[in-house]
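Here are some comments for a student who is reading this structure for the first time. Please keep the sequence and the picture side by side while going through the points.

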Amino acid sequence: MSHVYDIRRKVAILAALYLVRVLAVALSWGGLAPMRAQAQSGRAVEKINFLLDFTPYGKHAPFFAALDQGFWKDAGFDVTIIKGEGSATTVASYAAGAVDFAFADAATLILARPKGAQVKVAGIIHDKSLYAAGTLEENNIKTPQDFKGKRMGSSVGDAARVMFPAFAKLNGVDPGSVRWTDMTPPARIASLVLGQVDGVTLFLTEQPTFAAKAKEAGKHWKDFPYADYGLDLYSGGLLAREDLISNQPERVKRWVESTMKAWAWSVEHPKEALASFRKHNPAVDPDQAREHFRIAIKHLMTDTAKREGIGYIDAEKMKRTVEFVSQYFDVKGVSAGDVYTNQFTPKLFPKEASF
């Protein structure tokens, strides 16, 4: 009996040691959740940082769905989402290697290429441009020409501000006549309502928030979408550095595919995507978040996306985007092939659901 007892005791000790070893390995990966993810996907989970173009609001809902629905985890990523401060800042940070992946504006990337940003768009999200200028009806700005000599407010890196000179020139306004006030993104609508500025720049997906804030102040919001005034360029997309594309193409492929799958799922399950967003961003008004997301879907699900799949970048439209930015901002030596790739974009054709 003592022999049997000794064997059982040794087996128990070995089992305990094995469990300790497993737990130690799990903790070295950052906890038990990554270990479970590896068991599901057969791949060790990599901790990465993902930098947005802006402070999260409703248009970013699919990224939070990617977290909660396991799209990134199944692809081998344990993702931390980091808020941005404008596309110009995001592109510069990503090009410098500060984060693993990023989401930012295509036109802003084109401007950054001559400054050494070796980055490409690897999946377009805002297929139709979201750039806009906004004001209050009380400011009597009825046409783009009325922005001449006005006071505009925006953060320095805001993509719509970066593109404002092109919008102005297209519509007969000298960009130099506009006076800019630098401010944080949340300060724009407050400054506008208080009369500290006459107009602001924004993405159309922000329009529901701006309109609601103006209404609270007893005033009336008005916006000028650049795309309606001759400036329909490619806008926000998933970025990938050229060194990663060359040296780690399988990693980039997993990232782009899993992220685009999250967007496709979110188009078909918008209520669930918004629920994920609200869980992580409870301070954002739920009604406004829903409208933000509706606008984002509208600018994702274009005729090109329905024909080629979401995320696909049309060569001619990117060529027009590059040529336009080069012309209006005196950019030299940048071609369409320098700034995009379709090699990682999956063929996904989601069906829109009402919400």
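This is a predicted model: local features need pLDDT of at least 70, side-chain atom pairs count only at pLDDT 80 or more; totals for chains, interfaces and linings use all residues.

At what angle do the axes of helix α3 and α11 cross, and within what distance do they come?

1. The axes of α3, which covers residues 61-68, and α11 come within 8 Å and cross at roughly 105°. Since angles from 65 to 115 degrees count as roughly perpendicular, α3 is therefore described as roughly perpendicular to α11. On the α3 side the contact is made by P62, F63, A65 and A66, while α11 contributes T259, A262, W263, W265 and S266. These residues divide into 7 nonpolar and 2 polar, with no charged residue among them.

2. Helix α11, which spans residues 249-268, also meets helix α12, residues 270-280, and here the axes come within 5 Å and cross at roughly 115°. The residues that make this contact are W265, S266, V267 and E268 of α11, together with P270, E272 and A273 of α12. By kind, they divide into 4 nonpolar, 1 polar and 2 charged.

3. Helix α15 deserves a paragraph of its own. Its 15 residues, 315-329, reach 21 Å from the first C-alpha to the last, which is close to the 21 Å expected at 1.5 Å a residue. At its start, a side-chain oxygen of D314 reaches to within 3.2 Å of the backbone nitrogen of E316, and after the helix comes D330, whose phi is positive, near 55°.

4. A polar atom of the S129 side chain lies 3.3 Å from the backbone nitrogen of Y131. When neighbours within four places in sequence are left aside, the residues in contact with S129 are A227, L231, D232, L233, S235 and H299.

Notes. Residues are numbered from 1 along each chain as its sequence is written. Side-chain values use heavy atoms; hydrogens and water are left out. A polar contact is a pair of N or O atoms within 3.5 Å; within protein, one must be able to donate a hydrogen and the other to accept it, and residues adjacent in sequence count only if both atoms are side-chain atoms. Contact means heavy atoms within 4.5 Å. Helices (H or I, at least four residues) and strands (E, at least two) are DSSP runs, numbered from the N terminus. The expected span of a helix is 1.5 Å times one less than its number of residues. Axes are lines fitted to C-alpha atoms, for helices over the stretch in contact, and angles run from 0 to 180 degrees between N-to-C directions. Ala, Val, Leu, Ile, Met, Phe, Trp, Tyr, Cys and Pro count as nonpolar, Asp, Glu, Lys and Arg as charged, and the others, Gly among them, as polar. Angles under 35 degrees count as roughly parallel, over 145 as roughly antiparallel, 65 to 115 as roughly perpendicular and the rest as oblique.
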